[in-house]
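Subject: Structure handover

Hello,

Here is the structure I promised to pass on. Please open it first, then read my notes below.

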Amino acid sequence: MRSLILKNMRCGLLPALALCILASQASAGAVEVVDADRQVIARVEAQSWCIVWNHSVAGFEVQDCYVLRDGLMVLDRSHQPDFAAGLGHIPGRGVQRSDGAGGYWIDGIDEVVPGNCYRLRVGSARVDHRIVAVDIDISLTELAAGKSVAIRASDPESRGIREC
C-alpha cells in the first residue's frame with residue numbers, strides 16, 4: 001500500500017511530502033481528496049478506507065467505511081456509537097449489529113457512490129474529518145477545514161475517477 005499526502009499553500013500549510021509508505025507491491029485502488037481548485041491534497045492507495053469524524057453534537061467518533069468493488073466506490077459499513085442527531089439505521093439498508101460497547105455497526109450497506117465521487121464540507125478541529133486505511137490516518141481538517149472537497153476513488157480496473 002502506498003500513501004501520499006500533499007499539503008499545499010492554498011490550505012495554509014507548507015508544501016510537503018509528509019508520508020510515503022510502501023507496504024505492498026499489489027496493484028491497489030486509490031482514494032483522493034481534491035480541493036476547489038482541483039488540486040489533490042491527499043491520496044491513499046488502498047482497496048478499503050474509512051472517513052472518520054467526531055459527531056458535531058455528541059462528540060463521539062463515527063466511521064463510514066468504503067471499498068472498491070468491481071471498479072466502483074461502495075459504502076460498505078458504518079460505525080455509530082449512539083443514535084444521535086442524523087445517525088441511525090434505516091431498515092433495508094444493511095444490517096445493524098451491536099459493537100459490544102453500547103454502539104453499533106451497520107454492515108452490508110452495499111451502496112454504490114455515483115460516479116465514484118462525493119462532496120464533503122470538512123469540519124473544524126472539533127469534528128476532525130480523517131481518512132483512515134490500515135496504518136494510515138490523514139486529517140482532512142488539517143488540510144481543508146471549512147472547505148468543500150471532493151472524495152473520489154478509482155482502481156486499475158475501474159471506470160475511472162470522476163469529477164463531482
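**The aromatic cluster**

W49, Y66 and Y118 are joined by ring pairs into a cluster. Rings of Phe, Tyr and Trp (its six-membered ring) pair if their centres lie within 6.5 Å; planes under 30 degrees apart count as stacked, over 60 as edge-to-face and the rest as tilted.

Before going on, a word on the ground rules. This is a predicted model, in which local features need pLDDT of at least 70 and side-chain atom pairs count only at pLDDT 80 or more, while totals for chains, interfaces and linings use all residues. Residues are numbered from 1 along each chain as its sequence is written, and side-chain values use heavy atoms, with hydrogens and water left out.

Back to the rings. The structure has two aromatic pairs. In one, the ring centres of W49 and Y66 are 6.0 Å apart and the planes meet at 15°, so the pair is stacked. W49 sits in strand 5 (residues 48-54) and Y66 in strand 6, so this pair ties together parts 17 residues apart in sequence. Helices (H or I, at least four residues) and strands (E, at least two) are DSSP runs, numbered from the N terminus. W49 and Y66 are both buried. Buried means under 20% relative accessible area, exposed over 50%, partly exposed in between (1.4 Å probe, protein chains only).

Y66 also pairs with Y118: the centres are 5.7 Å apart and the planes at 25°, so this pair is stacked too. Y118 belongs to strand 11 (residues 117-121), and the pair links distant parts of the chain, 52 residues apart. Y118 is buried, as is Y66.

**The core**

In soluble globular proteins, nonpolar side chains tend to be buried together. Here the largest nonpolar core has 33 residues. Such a core is a set of buried Ala, Val, Leu, Ile, Met, Phe, Trp, Tyr and Cys residues joined through side-chain atoms within 4.5 Å. W49, M73 and I151 have the most contacts inside the core. Contact means heavy atoms within 4.5 Å. Leaving aside residues up to four places away in sequence, I151 touches a list that includes V31, I51, M73, Y118 and L140.

**Charges**

The count is 10 salt bridges. A salt bridge is a side-chain nitrogen of Lys or Arg within 4 Å of a carboxyl oxygen of Asp or Glu.

- R130 bridges to E61, with the closest N and O atoms 2.7 Å apart. R130 is in strand 12 (residues 130-133) and E61 in strand 6 (residues 61-69), so the pair ties together parts 69 residues apart in sequence. R130 counts as buried, at 10% relative accessibility. E61 counts as partly exposed, at 35%.
- R69 bridges to D76, with the closest N and O atoms 3.3 Å apart. R69 is partly exposed, at 34% relative accessibility.
- R69 also bridges to D110, at 2.9 Å between the closest N and O atoms. R69 lies in strand 6 and D110 in the loop between strand 9 (104-107) and strand 10 (111-112), so the pair ties together parts 41 residues apart in sequence.
- E32, R43, E45 and R152 form a network of salt bridges.

R77 lies over the face of W105, 3.6 Å from the ring centre. The rule asks for NZ of Lys or CZ of Arg within 6 Å of the ring centre and within 35 degrees of the ring normal.

**Two backbone angles**

D110 is not a glycine, yet has a positive phi of about 50°. D110 is partly exposed, at 43% relative accessibility. V134, also a residue other than glycine, has a positive phi near 50°. V134 is in the loop between strand 12 and strand 13 (136-139). V134 is exposed, with a relative accessible area of 70%.

**Confidence**

The protein chain averages a pLDDT of 78, and 71% of the residues score at least 70. pLDDT is the predictor's confidence in each residue, from 0 to 100. Over residues 1-26 pLDDT stays under 50, and the model has 61 contacts beyond four places in sequence for them. Where pLDDT is low, the predicted coordinates should not be read in detail.

Best wishes
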